[in-house]
Each structure stands twice: as structure tokens, then as C-alpha cells.
Amino acid sequence: MTEDLILFGGGGHCRSCIDVIEEEGRYRIAGIVDVAEKVNQSVLGYTIIGTDGDLDRLIKEYRYFLVTIGQIESADVRIEKFQLLNRLGASLPVVISPCAHVSRHSVIGEGTIIMHNVVVNAGAKIGRNCIINTGAIIEHDVVIGDHCHISTAAVVNGGTIIGAKTFLGSNSSTKQYIEVGEGSLINSGISVRRNLPPGSKIYQGK
Ligand code: JB2
């Protein structure tokens, strides 16, 4: 059965999410919620039907919602929207691209999207409201906290623990069995080879 789904945020990340949702085929995108100036605009053929202020009405009509605003510098906006939807009793589905391999021995939290060409290996645990972006590899027994963005082609090697609200940039990698503290920001292309305390910010050359 196809269920109606409302998307929260109609920008660049939303466009990637739409492709995954369409290919998965479990949800019919019933509309997008964005800012007032964009109401009635179309994103890949789906209409922006309202703003966050319309949520009280939309929640009576629809059950499934997904946060489709991206996250780079900070997870705050995604967390705020996720918590708002949770408070109102919305269901936040797990969305998985049919072009991803997700081990049957892994666990994925609500509101998390697994994009095209991702591998999630056995024993991995991924939290809620995460973006596991195109081509990322989440190896065996990795633990990823809530509200993380593992960006395109990032590699999280076996047994690594990634704290909540962390951003791992494109093509970055982590050595096996290390810990990256909560709220860290790892820039693209960085190879992380040691434990990092919470709030670490690692840019190129550091
Ligand atoms: O409070 C809000 C709000 N604030 C901004 N509520 C809702 N419902 N929507 C909001 N928005 C909308 O989110 C903006 O009007 C805009 O349509 C969208 C953000 O789009 P943008 O393209 O600026 O960023 P993004 O987060 O979708 O994508 C970025 O991050 C991704 C991870 C881009 O850098 C992408 O390239 C990247 N892949």
C-alpha cells in the first residue's frame, strides 16, 4: 500500500530525497512544507502546499512526514523540525533507496533516509533523523547517533562510534573502532585516525 508523505523543506537536499522516495515507491509525496514566499511553487512536480504554521491542519490530514532540510554546519534546524513533528504525533518513516544495501542485521532509526548506493553492513546501528547520503559506507558494528549527516561517499569503518549531531563531509573516512564525539564537524576529504572529543571541528590541513 502506498502512504501519503509530507516533506519538510523543498531545497537541494529535498530534491535528492524525492528521487529516493520515488524509487522506493512506498510513499506518495502529497506535498512539501517550506517558507511562505515559496508556497505554490513546484519542486520536481510536487507543490509547496504550506508553511510550518499549517502543521496543526496537516497533521489531522496526514500521518507520515520527513525532514528534507539538509545539515552541514549545524543540526539545529533538523532537530527542531524533527522534535516538532514528534510532539504532534507524526510518524517519521525510514526511507531506504532500493539501490542501497542495508544489512538485515542492522538497525535504522525513525526519520532517517538511506540514499542511493549506500552500504550499511551487519551490526550497524543508525539513529533517528539522520541523512546517510549517496554512496556512503557504514561498515559492520558502527554506531551513529541521532541527527547525523554522513555525507556523500564518506566511509565509516567497522566498530566506529559517531556521536549525535555530527557532520561527516564528502569523501571523509574514519579509522575502525574510534569514537567521534557528539556535535563534531569533519570537513570533506578528511581521514580521521584517532578519537575526537565532542564538538571537534576538523578542517583540511588540521
Ligand atoms: O523553517 C523552515 C525552513 N527554513 C528554510 N521550515 C521549512 N519547512 N522549510 C524551511 N526552509 C527551506 O529549506 C528553504 O526555504 C529551502 O527551500 C530549504 C533549504 O534548501 P537549501 O537548498 O538551501 O538547503 P538544503 O538543506 O536543502 O541542502 C543543502 O544541504 C544538503 C545536505 C545543500 O547544500 C545541498 O547541496 C546538500 N546536499
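## Ligand site and domain interface

The ligand is surrounded by 16 residues, the closest being G12, H13, D34, D52 and G70, where a residue counts as near a molecule if one of its heavy atoms lies within 4 Å of it. The structure is a predicted model, in which local features need pLDDT of at least 70 and side-chain atom pairs count only at pLDDT 80 or more, while totals for chains, interfaces and linings use all residues. Residues are numbered from 1 along each chain as its sequence is written, and side-chain values use heavy atoms, with hydrogens and water left out.

| Residue | Residue atom | Ligand atom | Distance |
|---|---|---|---|
| H13 | polar backbone atom | oxygen | 2.9 Å |
| K38 | N or O atom in the side chain | oxygen | 2.9 Å |
| D52 | polar side-chain atom | nitrogen | 2.8 Å |

T51 is found in the loop between strand 4 (46-50) and helix 2 (55-61), helices (H or I, at least four residues) and strands (E, at least two) being DSSP runs numbered from the N terminus. Although T51 and D34 are 17 residues apart in sequence, their C-alpha atoms are 5.1 Å apart in space. Leaving aside residues up to four places away in sequence, T51 touches V33, D34, V35, A36 and V39, contact meaning heavy atoms within 4.5 Å.

The domain assignment, which is automatic or from a database, gives domain 1 (3-88) and domain 2 (94-206). The C-alpha centres of these two domains lie 23 Å apart, and 21 residues of domain 1 are in contact with 23 residues of domain 2. The area buried between them is about 1800 Å², of which carbon and sulfur atoms give 64%; buried area is the accessible area (1.4 Å probe) that two parts lose on being put together, summed over both. V20, Q71 and F82 supply 33% of the area that domain 1 buries against domain 2, more than any other three residues.

Six residue pairs are in polar contact across this interface, both residues at pLDDT 80 or more, whereas the count of salt bridges between the two domains is zero. On the side of domain 1 that touches domain 2, helix 1 (12-24), strand 5 (64-67) and helix 3 (76-87) are the elements that give two or more residues, and helix 1 gives the most, with eight residues.

The structure as a whole holds nine salt bridges, defined as a side-chain nitrogen of Lys or Arg within 4 Å of a carboxyl oxygen of Asp or Glu. One of them joins the side chains of D4 and R28 (2.8 Å, N to O). Because D4 lies in strand 1 (residues 3-8) and R28 in strand 2 (residues 27-33), the pair ties together parts that are 24 residues apart in sequence.

Methods: Polar contact = N/O pair within 3.5 Å; in protein donor to acceptor, adjacent residues only side chain to side chain.
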